[in-house]
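This report looks at charged side-chain pairs. The structure comes first, then the pairs in turn.

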Amino acid sequence: MSETSRTATEADDASVIERSRREPEVFAEVFRRHAPDIKRYVTRRLGADAAEDVVAETFLAAFRQRDRYDLTRSSARPWLYGIATNRIGRHQRTEVRQLRALDRTGVDPVTDPFTRSDERVAAVAVRRRLAAALRRLPAGHRDALLLVTWGELGYQEAAQALGVPIGTVRSRVNRARKKLRAELGGVDPTSVSEEVEHG
């Protein structure tokens, strides 16, 4: 491993981004670290067809905005998820179509290929009902909930990603979960990550 690669690997995101301002090629390290997670998140929300474009748009926007990145934030995850969520908002019709397809078929484009057939059969009914319920949530509530659950961000990171106070994220997630529980007969399939606080 070269000295340049070793330094980029050991540095936090803020250090890599700061360095990329002088050496643009270093920004590839941010992509390498975060693109797989961003792609999984976008794929679940929009489907595989739109995901490639949205991920590319996300990292292109991040690269262009790297001079404005807040270097006091060591992790770029909330910033990148925020950019991705904004891009997803531009594809909202695609997301609603994806949720309708999930409602119809029960096929999750991220997890289905890796799920055993017996698990897949049991999960289809829940996924379909969940997709229908998610589709009916207000966009801001859906964004907050899915950043916390599918994006695996903590509340503080989700607040940073959305550019809103942490209390707003907590309120939106709480309201979204309450609505999902009501629509799914008391079951909340998103509660696994409820108290997860990352970074």
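## A pair within helix α3

R32 and E29 both sit in helix α3, three residues apart, about one turn of the helix. The model is predicted. R32 makes a salt bridge with E29, and the closest N and O atoms are 2.5 Å apart.

R32 is partly exposed, at a relative accessible area of 49%. E29 is buried, at 11%.

## From helix α2 to helix α3

D13 pairs with R33 in a salt bridge, with 2.7 Å between the closest N and O atoms. D13 belongs to helix α2 (residues 13-20) and R33 to helix α3 (residues 28-46), so this pair ties together parts 20 residues apart in sequence.

D13 is buried, because its relative accessible area is 5% and the cut-off for buried is under 20%.

## From helix α8 to helix α3

D143 forms a salt bridge with R45. Their closest N and O atoms are 2.6 Å apart. This pair links distant parts of the chain: D143 lies in helix α8 (residues 139-149) and R45 in helix α3, 98 residues apart.

Both ends can be classed by accessibility. D143 has a relative accessible area of 15% and is buried. R45 is also buried, at 1% relative accessibility.

## Network and count

Which residues do salt bridges with shared partners join into one network? They are D13, E29, R32 and R33.

The count for the model comes to eleven salt bridges. Among them are D13 with R33, R32 with E29 and D143 with R45.

Note on methods
Residues numbered from 1 in each chain as written. Predicted model: local features only at pLDDT ≥ 70, side-chain atom pairs only at ≥ 80, totals over all residues. Heavy atoms only, no water. Salt bridge = Lys/Arg side-chain N within 4 Å of Asp/Glu carboxyl O. Helix = DSSP H or I, 4+ residues; strand = E, 2+ residues; numbered from the N terminus. Buried < 20%, exposed > 50% of the residue type's maximum accessible area, 1.4 Å probe, protein only.
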